Structures are given as structure tokens and as C-alpha cells.
Amino acid sequence: MKVRAFEGDIRSSDTRVSAVMVFEGDTKTVSRLGRGVASRVRRILETLDFKGKEGQIERITLPGQRFEVVYLVGLGDRKKADPDTFRRSAGLLVKRLKKDKVERAVLVSPRVENPLVSQALAEGLILGSYSFDRYRSRKEESFEVKEVEVLGGVEEAVRKGTILAEAQNYVRDLVNEPGNVINPVTLAEEAQRLAGELGLECRIYDEKEIQEMGMLALWSVGKGSATPPRFIHLTYKPGGRPGDRIAVVGKGLTFDSGGLNIKPDSYMRTMKMDKSGACAVLGIMRVVATLKPNVEVHGIIGAAENMPSGSAYRPDDIIRAKNGKYIEIDNTDAEGRVTLADALSYACELKPSRIIDLATLTGACMVALGEYTAGLFTNDPEFGEEIKKIARRTGERVWELPMDDEQLRKKIKKGPADVVNSGGRYGGAITAAMFLEEFVEDGIKWVHLDIAGPAWAREDYGYHHKGGTGFGVRTCAEYILSLDGGR
Ligand code: BES
Ligand code: MN
Ligand code: ZN
């Protein structure tokens with residue numbers, strides 16, 4: 001779908017369908033439809049139970065008029081509105097347009113002159129129009145909305161929102177691909193293809209090179225699978241002297257069966273999504289390569305499939321990670337942190353000023369925060385605040401959890417090795433983050449996002465669709481862009 005900023009008079013638009021966003025109890029924006037249409041809409045409105053509450057959509061038909069169909073879209077309380085209010089409402093609108101088989105519409109919205117609103121509208125429309133239908137043989141059932149014109153929209157902001165949302169949809173596509181299609185080898189091939197398309201440097205390490213480089217933690221997790229692990233390193237270098245160097249690291253379990261500590265059936269379902277962090281990294285690299293900020297960005301992925309077999313790693317195994325620390329395996333289902341041990345060690349060797357990792361790391365994080373909010377952990381409070389501030393704008397919910405409980409930390413410091421890969425049930429998201437911290441060099445600012453909940457939607461909501469959400473792409477990409485003035 002295309003979103004276009006539309007300059008000038010609404011009467012010069014040739015679409016026959018319009019949509020108007022309105023705050024609760026305030027139908028002022030209706031007048032922007034032009035005098036004739038507006039007065040008719042107002043008259044009909046008096047007979048309807050439409051209050052403009054968020055989530056409310058009303059369809060009005062005006063036979064013979066300039067606009068044959070007008071959608072009224074509620075934004076809720078104007079005092080509570082933020083960019084995500086517009087993003088969510090645009091998402092709901094486009095879902096409705098699709099259902100009603102509307103190909104083209106012009107959209108009228110309050111505050112559209114604010115670039116953040118224009119951008120959010122574009123994002124909501126493109127995210128809301130997403131569908132994953134590659135595997136539906138009967139294509140005639142799917143309908144696509146072709147174009148929405150945003151009246152008075154800020155062109156640059158619409159363009160930025162389009163790039164961000166299309167990258168997020170790309171990530172959703174990858175996450176939704178099942179484990180028989182995307183495995184460590186094909187994920188690496190996709191990274192290579194993307195790098196070629198975007199002009200990024202791309203280095204793939206196979207299972208032999210992974211061992212030679214001392215990444216025995218990643219290798220161990222991958223060795224139970226018929227498909228070997230891969231290590232992926234993408235690099236974006238700006239034209240001039242880079243202002244900063246950042247690494248983004250993604251957990252890339254293309255399927256997590258639990259390994260020898262095998263998951264029960266209902267828990268194993270959806271574990272194709274355990275590569276969401278890795279896919280988000282690819283999406284972030286796509287944005288960066290397109291908008292070209294003056295920041296050097298490294299995208300790093302340890303890709304593996306966690307399977308039970310005669311060659312699988314076991315509970316009790318003791319493994320040496322790339323940074324020399326020894327890991328004792330308590331539970332083979334706590335595999336993400338083991339792969340990230342090597343990925344983070346590798347990232348630190350690049351000497352970035354900051355690292356962000358994205359990982360569907362723990363069920364415990366979902367128990368703590370619910371499935372719509374990511375856990376944020378950091379070794380640098382200021383860096384954490386910067387990410388939180390950006391996340392409020394992108395509507396990607398994050399909430400910080402503490403890392404200063406030294407009594408709790410002892411749970412991963414037990415046993416014969418330097419660290420053990422599971423700290424037990426209580427504080428499971430925190431002990432997982434503390435485990436990761438063992439592999440981040442002192443002096444490097446680091447934020448860990450546990451996206452186990454929000455990476456996957458169990459039902460449709462707002463601009464999301466059942467399945468992969470592409471969570472984290474916009475927040476991380478916007479953060480990187482903000483280092484170069486927003487772009
Ligand atoms: N990939 C899972 C975490 C997960 C659970 C992601 C549900 C998304 C939805 C991770 O590898 C895992 O299995 N974690 C275990 C850790 C435990 C064995 C210490 C968990 O959370 O139960
Ligand atoms: Mn697991
Ligand atoms: Zn996992």
C-alpha cells in the first residue's frame with residue numbers, strides 16, 4: 001500500500017471515499033471535508049451513537065455526493081492523545097477499508113501538520129494493511145488497499161514513516177516464516193541477499209568458523225540440529241567519518257524446541273518466533289541503509305536451532321564462551337542467553353560505544369509485564385532513559401526492571417563454572433539479563449530488550465495482526481537516527 005501526503009484542496013482529490021479522525025466530543029475536523037459534505041455528515045452524526053471514542057469507526061454513505069462514503073474514526077480523549085493514538089487509529093481504519101474492499105481513500109486528521117502525527121499516520125496505515133498470505137493458495141480472497149492520501153500531511157514525515165513501517169512489515173514476514181523455511185542457513189542467506197540489495201557489508205561464519213573463533217556457546221546450542229548454526233555480521237558505514245559506532249544484537253533461534261529439556265506441546269507451538277530479535281536486527285539495518293545516518297552500525301546475529309538429538313548439548317555441560325568465561329548448562333531450554341554470550345562478546349570486540357540487544361529471552365518477562373510490554377535492562381541509566389523516551393514516541397511499550405539485586409545475582413554464580421545458564425523461577429527475566437551482562441565489556445553502554453511478549457501477537461490489536469509484530473524495529477532505528485538529528 002502507498003501513503004501519500006496530499007497538498008492543497010480536498011476537492012482536487014479524485015477519490016470517492018474519505019475518512020475523518022475526530023477526538024471524542026469534537027467533530028471540528030469534519031469541516032475539512034468541504035462545506036456540502038461536512039454539513040450532511042453533521043446531520044447524520046446527530047442520529048448516530050458515535051462519540052469519537054478510540055476504536056470507534058462509523059461508515060456513512062452519501063449517495064450522489066462528492067464523497068460517496070465517509071468513515072468517522074474516533075481518537076478518544078484529546079488530552080491523552082500521543083503519536084501512537086494516531087498510529088493505532090490509522091491501523092484500525094485501514095483494517096476496515098480492507099474489509100469493505102475500499103481501494104483508495106483520502107484521510108483527514110487533526111494535528112496532521114505535526115510531523116510526528118503525519119509519520120504515525122503513515123506507519124499505522126502501512127502496518128495495519130499488512131497480511132501474511134504467501135501460503136494461501138486461493139489468492140482471489142485477499143484484497144489490498146492501494147493508496148491513502150493524507151490531507152495536509154508532512155511529506156518528509158510520511159516518507160520516513162513509510163520506510164520504518166515497511167521495514168517492520170518485512171520483519172513480520174520473516175518471523176511468520178516457519179522453521180522448515182527459515183533455519184540458520186536460510187536466515188544467513190536472507191541476510192546476505194538483503195545486504196546485497198542495500199549495499200551493506202555482510203560476513204557469514206559457518207559452523208566450522210564459529211568453532212575456530214571460539215564461539216563454542218553458540219556452536220553448542222546449534223549442534224543438536226540437522227541444520228548447522230550460522231553467525232551473521234552486517235555492517236553499515238556512513239560516507240564520511242562516523243559520529244558514533246553502535247551494535248545491535250539479535251537472538252536468532254529459528255526454532256526453540258527446548259532441546260533435551262524439551263518443551264511441552266503447547267509451549268513449543270509458536271517457537272518459530274524465537275528468531276524475532278534477529279529479524280528485528282535485519283529490519284533495523286534496512287532502515288539505516290535507506291536513511292543513511294552518520295553513524296556506523298553493526299548488526300549481529302547468532303543463528304541456531306535448538307533441538308534434542310544424540311548430538312545435542314546437555315544439562316551439566318560446561319562450555320567456554322568467546323570471552324573466555326565458562327558456562328554451566330542447567331537447562332538446555334535457557335539457550336538464548338548461551339548464544340548471546342558469544343554474540344555479545346563478538347560485538348564488544350568491535351569497540352562500539354553502545355550495544356542494544358533484542359531477544360525473546362524469557363517467559364518470566366511476560367509473567368512480570370504482560371505480553372504487550374518489553375523488559376528493558378541496562379548497565380547505564382542514561383542510555384536506558386534515552387531508549388525509554390524514544391519508545392514512548394514509537395508506541396513500543398518498554399518497562400525497566402532492576403539489575404542491582406546482588407542477592408539475586410548469586411543464583412547464576414553458583415556451581416563449578418563462572419556462570420550457570422539458569423537462575424531458577426523467581427526473577428527469571430532479571431537473572432537472564434544478569435547472565436548477559438557477564439558478556440558485555442566494562443565501559444560499553446548496553447541495553448537489553450526482552451521482547452518475548454510483544455514480538456508475537458496472539459490476537460489482532462491496533463495496527464498488529466496475529467503473528468509476528470516486528471517489535472523493536474522502530475524504537476531501535478529511531479534511536480540510531482536520533483544520534484544524527486532524527487533524519
Ligand atoms: N524462547 C524462550 C522464551 C520465550 C517463552 C519466548 C515464551 C517467547 C514466549 C526461551 O528460550 C526459554 O525457553 N526460556 C525459558 C528459560 C528457563 C528454562 C530458565 C523460560 O522462559 O521458561
Ligand atoms: Mn528456550
Ligand atoms: Zn528460546
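A salt bridge is a side-chain nitrogen of Lys or Arg within 4 Å of a carboxyl oxygen of Asp or Glu. By this rule, the count here comes to 44 salt bridges. You are looking at a predicted model, in which local features need pLDDT of at least 70, side-chain atom pairs count only at pLDDT 80 or more, and totals for chains, interfaces and linings use all residues. Residues are numbered from 1 along each chain as its sequence is written, and side-chain values use heavy atoms, with hydrogens and water left out.

**Around ligand 1**

- The shell around ligand 1 has 17 residues (a heavy atom within 4 Å), and Lys263, Asp274, Asp333, Glu335 and Gly363 come nearest.
- These shell residues divide into 5 nonpolar, 5 polar and 7 charged, with Asp, Glu, Lys and Arg counted as charged and Gly among the polar ones.

**Polar contacts of ligand 1**

- A polar contact here is a pair of N or O atoms within 3.5 Å.
- Lysine 263 places a polar side-chain atom 2.8 Å from an oxygen atom of ligand 1.
- In the side chain of aspartate 274, an N or O atom is 2.8 Å from a nitrogen atom of ligand 1.
- Threonine 360 takes part through a backbone N or O atom, 3.4 Å from a nitrogen atom of ligand 1.

**One salt bridge to find**

- Which side chain meets arginine 104 in a salt bridge? The partner is glutamate 147, at 3.6 Å from N to O.
- This pair links distant parts of the chain, 43 residues apart: arginine 104 is in strand S5 (residues 104–108) and glutamate 147 in strand S6 (residues 147–151). Strands are DSSP runs (E, at least two residues), numbered from the N terminus.

Methods: Chains are lettered from A and ligands numbered from 1 in the order in which they are written. A polar contact is a pair of N or O atoms within 3.5 Å; within protein, one must be able to donate a hydrogen and the other to accept it, and residues adjacent in sequence count only if both atoms are side-chain atoms. Helices (H or I, at least four residues) and strands (E, at least two) are DSSP runs, numbered from the N terminus.
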